[in-house]
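Please have a look at the model below.

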Amino acid sequence: TLKLIVGQSQILAKGMSVLREMETIKTQFDPLLGGAARAQQRIEELYNFAATTPFRLAEIAEASKTLEVLTKGAMSTGESLRMVGDAAAVSGQSMQTVAFWTGRLYDALKNGQPIGEATARMQEMGLISGNIRNKLREMNDSGKSFLETMAVFEESMEKTKGGMEKLSKTLGGLESTLADVRGQFSAKFAENFMEGEKMAVSRLTELFAAFTEPIARVGAWLG
């Protein structure tokens with residue numbers, strides 16, 4: 001009965017799939033954040049973020065990783081990540097694409113480097129106007145402080161605020177949010193089976209490895 005329901009609903013298989021994805025993402029964040037505990041905390045933050053937005057966990061995690069690297073963590077979570085998500089929702093671009101160019105702009109401004117390529121891409125995506133692009137270039141060239149220049153960029157991005165909320169109310173957005181919530185639901189069920197699954201896979205791997213040479217000899221004999 002209960003086992004039949006679990007089998008037919010595929011809740012365990014779906015949960016394991018989500019846990020595999022989360023474990024991979026956690027492993028990737030570990031060296032960036034300096035430890036497993038911080039990586040786990042980031043995963044939980046991103047999963048909660050995914051459950052309330054029209055973007056899937058994998059895409060959000062990739063965007064967060066990019067911003068972690070390019071902005072040294074300054075824009076990889078919280079309101080900054082939400083700003084990137086809103087901009088992606090409005091522009092029709094992926095979160096990763098917007099995160100990459102936002103991070104490139106941040107890094108260039110922070111280190112006194114040319115910002116032309118980043119601002120050009122931002123304008124092409126419809127996220128900043130030509131006037132803002134020129135203003136950012138002039139401020140950067142004249143030695144205005146990083147904070148002043150970045151503030152102009154962030155203010156110009158205010159027009160995209162609420163983009164994710166609007167997109168999440170569309171059918172596609174609702175389906176994406178549902179998929180993440182269902183994934184979290186299944187993952188919670190599957191957590192208790194994770195270690196057993198790893199053990200079973202390890203033993204199966206050892207079994208195949210042990211029989212590789214014997215089966216090769218059988219194949220040679222039959223052939």
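Is R104 buried, partly exposed or exposed? R104 is partly exposed, with a relative accessible area of 30%; in these terms buried means under 20% relative accessible area, exposed over 50%, and partly exposed in between, using a 1.4 Å probe and protein chains only. Before going further, please keep in mind that this is a predicted model, in which local features need pLDDT of at least 70, side-chain atom pairs count only at pLDDT 80 or more, and totals for chains, interfaces and linings use all residues. Residues are numbered from 1 along each chain as its sequence is written, and side-chain values use heavy atoms, with hydrogens and water left out.

**Salt bridges**

A salt bridge here is a side-chain nitrogen of Lys or Arg within 4 Å of a carboxyl oxygen of Asp or Glu. By this rule the model has 10 salt bridges. Three of them are set out here.

| Pair | N to O distance | Relative accessible area |
|---|---|---|
| R42 and E45 | 4.0 Å | R42 10%, E45 35% |
| D180 and R56 | 3.3 Å | D180 3%, R56 42% |
| E117 and R104 | 2.9 Å | E117 51%, R104 30% |

Helices, as used below, are DSSP runs of H or I with at least four residues, and strands are runs of E with at least two, numbered from the N terminus.

Let's start with R42 and E45. Both belong to helix α3 (residues 36–50), and because they are three residues apart there, about one helical turn separates them. R42 is buried, whereas E45 is partly exposed.

Next comes the bridge between D180 and R56. D180 sits in helix α11 (residues 171–190) and R56 in the loop between α3 and α4 (57–70), so this pair ties together parts that are 124 residues apart in sequence. D180 counts as buried, while R56 counts as partly exposed.

That brings us back to R104, whose side chain meets that of E117 in a salt bridge. E117 lies in helix α7 (residues 116–124) and R104 in helix α6 (residues 95–110), so parts that are 13 residues apart in sequence are tied together by the pair. E117 is exposed. Elsewhere, salt bridges with shared partners join E23, E195 and K198 into one network.

**On the surface**

Which residues form a nonpolar patch on the surface? They are L204, L207, F208 and F211, which together have about 450 Å² of accessible area. Such areas come from the Shrake-Rupley method with a 1.4 Å probe, and for residues only the protein chains shown count as cover. Patches are made of residues with over 30% relative accessible area and no salt bridge, with like charges joined within 9 Å and nonpolar side chains (Val, Leu, Ile, Met, Phe, Trp, Tyr) within 5 Å. L207 is found in helix α12 (residues 194–222) and counts as partly exposed at 45% relative accessibility.

Most residues other than glycine have a negative phi. K72, although not a glycine, has a positive phi of about 55°. K72 lies in the loop between α4 and α5 (78–91) and, at 70% relative accessibility, counts as exposed.

**Pockets**

A pocket is an open set of points on a 1 Å grid over the protein atoms alone, where a 1.4 Å probe fits, with protein on both sides within 12 Å along at least five of seven lines; lining residues have an atom within 4 Å of a point. Grid points are joined across faces, edges and corners, and a volume is the space filled by probe spheres set on the points.

The largest pocket holds about 390 Å³ of space. It is lined by 16 residues, of which L19, M22, Q40, I43 and E191 are the closest to its centre. At least two lining residues come from each of α2 (11–33), α3, α11 and α12, and α3 gives the most, with five.

The second largest pocket has a volume of about 320 Å³. Of its 16 lining residues, K14, A179, R182, G183 and S186 are the closest to the centre. Here α2, α4 and α11 each supply at least two residues, and the largest share, six residues, comes from α11.
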